[in-house]
Amino acid sequence: MTSDADDATVSRRGLFRAGAAGAAAATGLATGSGTVAAQYGGYLDDVDNYDGTHDYTGQDEVTVTVGAVNGLRFGPAAILIDPGTTVVWEWTGEGGAHNVVAEDETFDSGDPITEEGTTFEYTFDDAAEGDTFNYYCVPHKAVGMKGAVAIGSVDDDLVQPDAGGSDGDGGSDGGSDGGDGGSDGGDGESDGGGRTLSAGDIGALALGFGFAGALLVPLFYAAHQMANDEE
């Protein structure tokens, strides 16, 4: 148990709090100078839900799921935050007992917990741009339950949190598209029942026959108008 863990307060309601005390991993976690991606040093290679670094800069508090995917992952696996941001790890209750332990012991949630809704938080007050904090779940580290917190900037593919919201919007759009599709279907039925063609439709048909067809557009349109007038 580290001094940081000693400073954390634990309750049966599942609330842990690791204060700002504790040195940032300015040198302890870096596997090389330069980019944050280099600092990952292959740490997340066996983490199958690692899809880039999720960009949470500009936010005061960020939540990471403990027991994501199959119950044995942190989600997102890698996040980018500003110095001073608080990260809250929240348990899903899936995958057995979990904890959150930094490789350099900057933060430690204590003994593994199974209870859904348990939270552990740490505020990165002492972190500086370029720092990286790799962490893991003790019981499940060997199966890839690992994560990383990058500070300030990162040389990695960034995933925008809004992407999830965009997916939701996309679903909405998808619904609209579906509605459009239904409308198109309705249009298709109208076609079968003698839908009125527009000048653009006639033009498109004429152009399908090449240059000569394009010259016949006015004739096609006039003939179509006459047919409509007769109806």
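## Overall architecture

The secondary structure of the protein chain, taken from a predicted model, comprises 6 helices and 12 strands. The chain has 231 residues, of which 36% count as buried, and its accessible surface amounts to about 11800 Å², with 50% of that area belonging to carbon and sulfur atoms.

Contacts along the chain can also be described by sequence separation: among those between residues at least 6 apart in sequence, 69% join residues that are at least 24 apart.

## Nonpolar cores

The largest nonpolar core contains 23 residues, and the members that touch the most other members are F74, I81, W89, V100, F107, F124 and V149. Two or more residues are given to this core by each of the strands β4 (61-68), β6 (78-81), β7 (86-91), β9 (119-123), β10 (132-136) and β11 (146-151).

Another core, of 12 residues, lies apart from the largest one, and its members include Y43, V101, Y136 and A148.

## A buried valine in a loop

V154 is placed in the loop between β11 and β12 (158-159).

## Backbone features in the loops

A cis peptide bond joins G75 and P76, with omega at about 0°.

Which backbone angle sets V69 and E105 apart for residues that are not glycine? V69 has a positive phi of about 55° and lies in the loop between β4 and β5, while E105 has a positive phi of about 70° and is placed in the loop between β8 (101-102) and β9. As for accessibility, V69 is exposed, with a relative accessible area of 64%, whereas E105 is partly exposed at 48%. The value for V69 is over 50% and therefore falls in the exposed class, while the value for E105 lies between the 20% and 50% limits, so E105 counts as partly exposed.

Key: Residues are numbered from 1 along each chain as its sequence is written. This is a predicted model: local features need pLDDT of at least 70, side-chain atom pairs count only at pLDDT 80 or more; totals for chains, interfaces and linings use all residues. Side-chain values use heavy atoms; hydrogens and water are left out. Helices (H or I, at least four residues) and strands (E, at least two) are DSSP runs, numbered from the N terminus. Buried means under 20% relative accessible area, exposed over 50%, partly exposed in between (1.4 Å probe, protein chains only). Contact means heavy atoms within 4.5 Å. Accessible areas come from the Shrake-Rupley method with a 1.4 Å probe; for residues, only the protein chains shown count as cover. A nonpolar core is a set of buried Ala, Val, Leu, Ile, Met, Phe, Trp, Tyr and Cys residues joined through side-chain atoms within 4.5 Å.
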